[in-house]
Amino acid sequence: MSEDRLFSRFVEEFEAAGGVLLYPRGEETLEEVLTRMVEEEGIKSYAISQRTPRFKVIDTLFKDLGLEKSRDYPSLDLGVTRAHGAGALTGTLVFVFKEGRDHLLTSLPRIHLAVLRREDLYQHVSRAVAPHVQDRGELPPYISLVTGPSRTGDIELTHVTGVHGPEQLYLVVVS
Amino acid sequence: MRGVLRDLKEYPSRWRKLQEVVRNPIMREALERAMTRFAEGRALALEGLGDFQEWVDRCREMKDRALEKSQELWDKVKEEVETRGGTFYLAPDAQAAKEYIGRLAQESGGNLVVKGKSITSEEIELNPYLESLGLEVVETDLGERIIQLAGEKPSHLIVPAIHKTKEEVARVFSGAWGREVPDDPYLITKEVRKDLRKRFLKADVGITGINVVSADPPAFFLMTNEGNGRLCATLPPVQVIITGWEKIVERMEDAFTIFDILPVNSVGLKYSSYLSIFTGPFAWKKGRQFHVVILDNGRRKALEDPLFKEAMRCIRCGACMNVCPVYRTVGGHTFAHIYMGGIGAAWTAITDGLEEAREVASLCTGCGTCLEVCPMGIPIPSLVERVKELAKDKGQAERMAVRLVSRRKLLESAVGLTALVAPEKISRLPGPAGTITQERILERPQQPPFHPWALSRGLELGKGGEVTLYAGCLVEYYYPQIGRDAVELLARLGVSLQIMREECCGLPARTVGEMGLWEELAVKNLGYMPPGKPLLFLCATCMSGIHAYQENGGELPPLYDLSQFILEKLGDGAFPGFYEAKVAYHFPCHLERHLGIREEPLKLLSQVKGVELVEGDEAHLCCGGAGLYAFKCPPVSAEILKRKLEWLEREGVEVLVTSCPSCIMQLRGGVEKKGMPVKVMHLATFLLEAMGKGTDGGRMKNER
């Protein structure tokens, strides 16, 4: 599968599972799409998992938009984390956790925004997991594979998202 | 004899219970909706996966390899878990598992336990045990939570509360929370999120099941859609995993193979929302504990049994239930002990004992629809038969009935007597037996039997017949006209027939677990069969029964269903007949799923000029007759039949053709009871009529 084909397949599956690709999308800048997300979702509070330059950009934007940065994860509107990999065939994101509270940002806030590097995209999700489990001594205790938002059909098969996890999953892909 | 009387005495009350179940419109509609949705979703999602049979072969091989060396694999997992600072406990039985988990919970110092959906925990009845220790146990899957608060049991493996309407669900939560809850699935879900979120954050212990465990590297895989599983596993300070010995695979890739097929096959989803992989204590907070409890509870013993070990491949996708005509009719409260459906009978035998398993098994019609969707290639109908065989003291009445019908002399007398005293059509049996005739009439057996007639026509063995006909008991004593039609038809196609001495094929004996009788009949029939010459059948069930002799090493001549034989005989030529009507073919379960004959009947019928062939999924559904099943579980049998009849009505079918006299008995019984303008015919009769009584072709519409 060519790289472009791989990416378009991933987007197709990711969105079929209910995720929303924010960026890249048409001609819009990252700032524009994030601003729109904040407005549309009525986001007031957030937390961010990393301090790398890329996350700094997002952090600064949210501060400028007047959002409150909080450590009270269970009541947050938005959690922002890095996705360590992705599988195109199922539209699945891979999150690898060794320690710390970052995992809470993928599970507790109402909305989850993931940031994925394009080079971490593989065809099958197992290939995206493989690099993280090669070193047996350093096996991460918890790897979370996420395909779309939390959902249920337990009452009369009516589809409802956001049962125990995020009701919306957004994604930014960077090169 | 006492067992037989006990059974017979129990029948009416069993029937009443089944009657109530099949008449529960809410349950029926909910099941119908779920199963239709899952089956359609599955078909769609499977398209993306390529050839299903290749998946089955791959999964089976991979899983068998792992089970073969499961001890070694678990030793490795245990070592790694302990090296990483977790604990590993192999629980020999349910009691030991419960006590161990109870101790873990008590030692945690707290009293709130949150749980993810786990059928293994239901198998050991964990919740009531933990509650008896004074712990508060909260199920966190939405469906399980509804069931828990309602004090009920799951009715579906994947959608546990499928039998409850939104209004009922709202009432359950209103009762639990002491305030009015709106009957809106979205609002209810959001309220439950709030309520359970508090509990997740406060919980002392989180217990989850596990779908698959890989040994290299050691990793525990948990798949959910709601995200409750991962919260149970990651938030509380004590993480407990409870899963069965059979869940092991060798490599991580193998686990991923299972997850490629599991959600697709289960509910038609490419992937569930969350697949969480755990390898040891996740110490994001100080002192977090990681405990693994592996349950034996009969599993390792089952691995030593050549048949039961096949059930150990089950990945609990539930697809077998989604297509099961019985499950569809009665649901998981009735067709289950803890494990549901036909596979549930096998699993109940493994984990809970034969008595409970036999109850579950007795509801299976043996139609084999499950065989077509099991991604692990588990021979579920054979397992059901094995359960019946082993549970010797149960089902005595059934066994007695089978012993009767399996003996030619006895059967001949019984049928002869019935033919003497019974009216031509019985539309209502007296007393409790009336349940049998509620949705179908019974026909009087036709006289005289087939063999004496055939002998009078000079068809005896060794008189130069090129093909041997095995008529079967129903053609012999009940519908001899079908046999006469077949003889006439084949004569006109230029085929010389001979008949053989016959015993019952043994299939009825097999389906109630009378394996001694089955073997005895097989030996006799094998002795009577003239070697080399094709053996022709008018009954799919008999053909399937005799086909199975090969399992015991019996050497058989080439076996032919009538459609196969005629097509081969015709070669490139078309069938010389004419029948102007809307015709459908009912595929007998034994023909299609047990013998794999899928194309020939339709190919042959489409060659008959004037035939407008009606096809559809319903053509392949079990009719609910299933031999004695219609007499053993009449309410279920009747409901299964109804679906078929509704299809005939919808499609305006005028003639229903099939190749099994047992199906004819059921289908014609239903059609006539409802007064439907449908002729139900054996293929032999239909083809003969198509050839016309004379030599100049078949029937025009206005002749019927």
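Student: How many helices and strands does chain B have?

Tutor: Chain B has 34 helices and 20 strands. Keep in mind that this is a predicted model.

Student: What share of the residues of chain B count as buried?

Tutor: A residue is called buried if 20 or more other C-beta atoms lie within 10 Å of its own. By that count, 54% of the 704 residues in chain B are buried. Also, look at contacts between residues at least 6 apart in sequence: 78% of those in chain B join residues at least 24 apart.

Student: Now the sheet. In what order do its four strands run?

Tutor: In chain B you get 18-17-19-20, an open sheet with parallel pairing. Strand 18 (609–614) and strand 20 (679–682) are at the edges with a single partner strand each, so one side of each has no neighbour in the sheet. On average, neighbouring strands are turned by 35° against each other, direction ignored.

Student: Which strand of chain B pairs with strand 17 over three bridges?

Tutor: Strand 19 (residues 655–658) does, in the parallel sense, with strand 17 covering residues 578–585. Across that pairing, Tyr585(B) stands opposite Val657(B) of strand 19.

Student: What lies across strand 17, strand 19 and strand 20 of chain B?

Tutor: Helix 34 (residues 683–691) of chain B, running at about 100° to strand 20.

Conventions
Residues numbered from 1 in each chain as written. Chains lettered and ligands numbered in written order. Predicted model: local features only at pLDDT ≥ 70, side-chain atom pairs only at ≥ 80, totals over all residues. Pairing = 2+ DSSP bridges. Helix = DSSP H or I, 4+ residues; strand = E, 2+ residues; numbered from the N terminus. Axes fitted to C-alpha atoms, helices over the stretch in contact; angles between N-to-C directions. Contact = placed C-beta atoms within 7 Å. Buried ≥ 20, exposed ≤ 12 C-beta atoms within 10 Å, placed from the backbone.
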